[in-house]
Amino acid sequence: MKVINLHQEEKELIELAVENNRHAQHQIYSKFSPKMLSVCRQYIKDLQQAEDVMITAFMKVFTNLKHFEHKGSFEGWIRRIMINECISYIRVQKKVKFIEDENYYEESFNNIESKFSVDDIQFLIDSLPDGYRMVFNLYAIEGYKHQEIAELLGINEGTSKSQLSHARKMLQTNITKLKNYNNGTE
């Protein structure tokens with residue numbers, strides 16, 4: 001039985017794509033586009049706009065592929081480009097507003113019950129104002145620290161913490177409303 005080194009295959013695929021091999025680029029796009037559309041969709045409500053941003057980000061992936069150093073996850077590298085492109089898109093649209101709030105407080109955030117569908121959860125996240133949604137996604141889903149979020153979004157760290165706190169509070173309120181609706185008590 002022959003053991004296939006998957007990492008080596010990925011490296012070879014990347015090298016071919018750097019040389020503008022369309023088949024290699026198509027393979028990379030086909031492999032990663034479903035996950036990356038999901039990433040873009042977390043930040044951008046409209047599916048068609050999220051697809052447009054994803055395609056633009058993939059153009060940046062292929063343009064900058066020669067700079068990928070094979071240190072760390074290729075998927076993570078692509079994901080970071082997607083997130084940055086989503087943030088740039090939202091900034092250009094001027095839809096994001098951050099509320100300065102020095103009275104930040106941390107609240108415990110209960111796990112969303114498993115009876116909610118993925119669509120329900122996405123709906124709840126989509127219902128957040130853009131600033132809240134971006135900080136929530138970066139912190140809770142992507143695992144960024146508040147200092148990193150502040151630098152990425154051009155806000156101060158306290159604003160990042162405040163936006164997350166408000167997002168959590170709004171999500172908790174909306175989860176309660178959704179539970180009541182699903183239980184027929186609202």
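**A loop and its surroundings**

Analyst: Let's start with Glu-19, which sits in the loop between helix H1 (6-18) and helix H2 (22-43). Helices here are DSSP runs of H or I with at least four residues, numbered from the N terminus. This is a predicted model, where local features need pLDDT of at least 70 and side-chain atom pairs count only at pLDDT 80 or more, while totals for chains, interfaces and linings use all residues. Residues are numbered from 1 along each chain as its sequence is written, and side-chain values use heavy atoms, leaving out hydrogens and water.

Glu-19 counts as exposed because its relative accessible area is 61% (exposed means over 50%, buried under 20%, partly exposed in between, with a 1.4 Å probe and protein chains only).

Back in helix H1 we find Lys-11, which is partly exposed because its relative accessibility is 28%. Lys-11 and His-70 are 59 residues apart in sequence, yet their C-alpha atoms are 7.6 Å apart in space.

Now for the cysteines: the structure has zero disulfides (cysteine sulfur pairs within 2.5 Å). Cys-40 is in no disulfide, and its nearest cysteine sulfur, that of Cys-86, is 3.6 Å away. Cys-40 is buried because its relative accessibility is 0%, and Cys-86 counts as buried at 0% too.

Note on methods
Helices (H or I, at least four residues) and strands (E, at least two) are DSSP runs, numbered from the N terminus.
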